[in-house]
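Have a look at the model alongside them.

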Amino acid sequence: MTTPAGSGAGFGSVCWWGLSPALDLQAESPPVDPDSQADTAHKTPELDVLLLGSVDGRHLLRTLARAALWPRRRFNFYVLENNLEAVARHMLIFSLALEEPEKMGLRERSEAFLEVWGNALLRPPVAALVRAQAERLANLVPEPDRLAEQLPWLSLRALKFRERDALEAVFRFWSGGERGPEAFPMSRLWDSRLRHYLGSRYDARRGVSDWDLRMKLHDRGAQVIHPHEFRRWRDTGVAFELRDSSAYHVPNRTLASGRLLSHRGERVAARGYWGDIATGPFVAFGIEADDQSLLRTSNGQPVKTAGEITQHNVTELFREVAAWGRPRAAQGDKEEELRLEPQPWTSASARESFTVHFLALGSAQTLHHKRCYQGRFQLLYVACGMVHLLGPELGACVSPGGNLVVELARYLVDLRPEQLQAFSARVSELAREAGFAPQTGASPSETFARFCKSGDSAPSGQDPAVESEPAPGEVLACPLEVVSVPRADPAPATGSPRLSSQPQDSSAEVPAPPQEALTTESPAQNLESAPTPDQAPHP
C-alpha cells in the first residue's frame, strides 16, 4: 500500500507543535484605545486573546518576551485545545520557561525545552526532570489553593472536574505511574507509524524525506532545514540532537495520547503516538530569527541549520521572558544594565502581568452563550487544525474592531499547491461568515490569514437566551460523552484539514487494528476530533 501524495496522513490526529513561526500577539491585536487608557488611568489596560489549537505556547512566550516593546498591558490568554494532553504540555512548557534561574540555568532550561517539545526520545537527565515536574503538577491540579499559590499565572477553573481528574492522570503517567519502557515503546510506535504512512515506499524513506524537504518545505520558505537533521527526525523522531546520539533512548511520554477504539464489539482505550511524522518541529522557532546573521547563506547554502537557529531563538526567548521582556542594556553601559535588572517571577508585579486560562474541551461553539465572553476578545487565533470551528459563534466573542489570525496549511507537506489554495479560499469564506473582513493594509502572507471585525457588525452568533452575569471562570461545554472519537475512515482525495463547521458524527467508533498497529494515525479529515478525557491514560 502506497500513501498517495496529498492524503494528509502524515499530520496525524493530534498536534504536538505548531506549523507556523511564533507570533507576537500584541503586534496582531488592535492598538490600545487612547480613550480607554484615559478611563483606566489607575489601571493597566488588558489584552484578552482567545487561542484555538496553539498547542505549544510559542505565541504566548513570544508575546511575553516582546512585551517591553509595547505600552504596558496585562495579558489574559484563553487557550482551547482538543485534548487534555496538549493542555498538560502547555503547563509543563510554561513551568520550564518560568523556572527560577537559581534552580535551573538558562542553557539547561532551553535544552530541556527543546528535547521535551520536539524529540521522541530523551536523555535520562531530561526524562528525570519531566518526571519530577509531572509529579509536582499532578499534586497541584486537584488542589486549587496550592495551584494558585505556586502557579499564579495558571487558571483551570473553566475545566470540568472530570477533566481535571483526567489531567491529573496524564501527569501521573508522565511521572512514571506505569514503570518501564514498555508502557510507551516510542521507537516501535514511531516506526509503526512511519511504515503505515509510507507503505511500499518505506525502503526508500531516505529519498522520500529528501523529496519532501527539497521540493516542498524548501520551496515554501524553510530553506534552513538541513537534510541531515530532517532525515534523522523522520527516521527516529529526534529533531534536536544536542548531545551524542547514543544519549537519546528514554521515551518522551509527553507525546503519548489516548484514543477509544472498538475491539471485538467493545470500546477499549489505547495509548499511542498519533502526532506529526511529516513536517517536524523545525518551523515554529527554526526558520525565522530577529538576528538576520543566522539566516545568511554562503554559496547558496544556509550557514546555520534549523536546529541551531531554534536553539538560539529559544535561549533568547527564555532570557527575555526571565527578564520580563526588558531589552538588554547596551554593552558597556553599566548604569543602564543595573537599572534594567531582570525581575524574578516571584515578584508580585510579574505574577500579575498575565494569566493563562484553559477552557473546557468542546466549548468553542458555546462560549457566546456566556455574557462574560460576548465581545470580550480583541484577538482570536485559530490554528489550521481547528479551522472547522470558525463560525458566527466564535465571531460573537470578538469585540468590534478586533482581529482574527488564522494559521494556514503552508507547511503541511502532504498538501498540493492547489489544495493549499483551496484551504485559503475556504478560510476566507468561513471568516466572512463569522463576521470578519480582510485586514486593509496587511502584508500578503502564505502562512497566516488576517482579518478584522468591523465596528458596526452585530454578533450574528449571539444566542437570544443568554445567561445573565455568569461567573467569569465558568464555561459551557458539550457533554464529554458526545465529544467525537477519531474515525478510521479512508482519507478523502483532497486530504486537507476538514473545514466544515458541522460537527463530526459523535457516535462513530474506530474499528480496532491489530495490537501491533494500534499506533497508526487517523486521516487528516479527522483533525477536529478530540480524544475525550475519559480516553486519557490512567495508571
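1. Start with Trp117 and Phe240: both are buried. Keep in mind that this is a predicted model. The two rings form a stacked aromatic pair, 5.9 Å centre to centre with 15° between the planes. Tryptophan 117 sits in helix H5 and phenylalanine 240 in the loop between helix H11 (227-236) and strand E5 (250-251), so the pair ties together parts 123 residues apart in sequence.

2. The structure holds 21 aromatic pairs. Phe113 and Phe318 make an edge-to-face one, at 5.3 Å between centres and 70° between planes. Here helix H5 (residues 106-118) supplies phenylalanine 113 and helix H13 (residues 306-322) supplies phenylalanine 318, 205 residues apart. With the cut-off at under 20%, phenylalanine 113 counts as buried at 2% relative accessibility, and phenylalanine 318 does too at 0%.

3. Both pairs belong to one aromatic cluster, whose members include Trp117, Phe240, Phe113 and Phe318, along with Trp17 and Tyr273.

4. Now the core. The largest nonpolar core has 146 residues, and Phe77, Met91 and Phe171 have the most contacts inside it. Helix H4 (residues 84-97) gives the largest share, 8 residues. Methionine 91 touches Trp153, Phe171 and Phe358, among others.

5. H4 itself: 14 of its 14 residues are buried, so the helix is largely enclosed by the rest of the structure. Asn83 caps its N-terminal end, with a side-chain oxygen 3.3 Å from the backbone nitrogen of Glu85.

6. Lastly, two arginines over rings: Arg253 lies over the face of Phe173, 4.7 Å from the ring centre, and Arg259 over that of Trp274, at 4.7 Å.

Definitions and conventions
Residues numbered from 1 in each chain as written. Predicted model: local features only at pLDDT ≥ 70, side-chain atom pairs only at ≥ 80, totals over all residues. Heavy atoms only, no water. Core = buried A, V, L, I, M, F, W, Y, C linked by side-chain atoms within 4.5 Å. Buried < 20%, exposed > 50% of the residue type's maximum accessible area, 1.4 Å probe, protein only. Helix = DSSP H or I, 4+ residues; strand = E, 2+ residues; numbered from the N terminus. Contact = heavy atoms within 4.5 Å. Polar contact = N/O pair within 3.5 Å; in protein donor to acceptor, adjacent residues only side chain to side chain. Phe/Tyr/Trp six-rings, centres within 6.5 Å; stacked < 30°, edge-to-face > 60°. Lys NZ or Arg CZ within 6 Å of the ring centre and 35° of its normal. Lists of a residue's contacts leave out its neighbours within four places in sequence.
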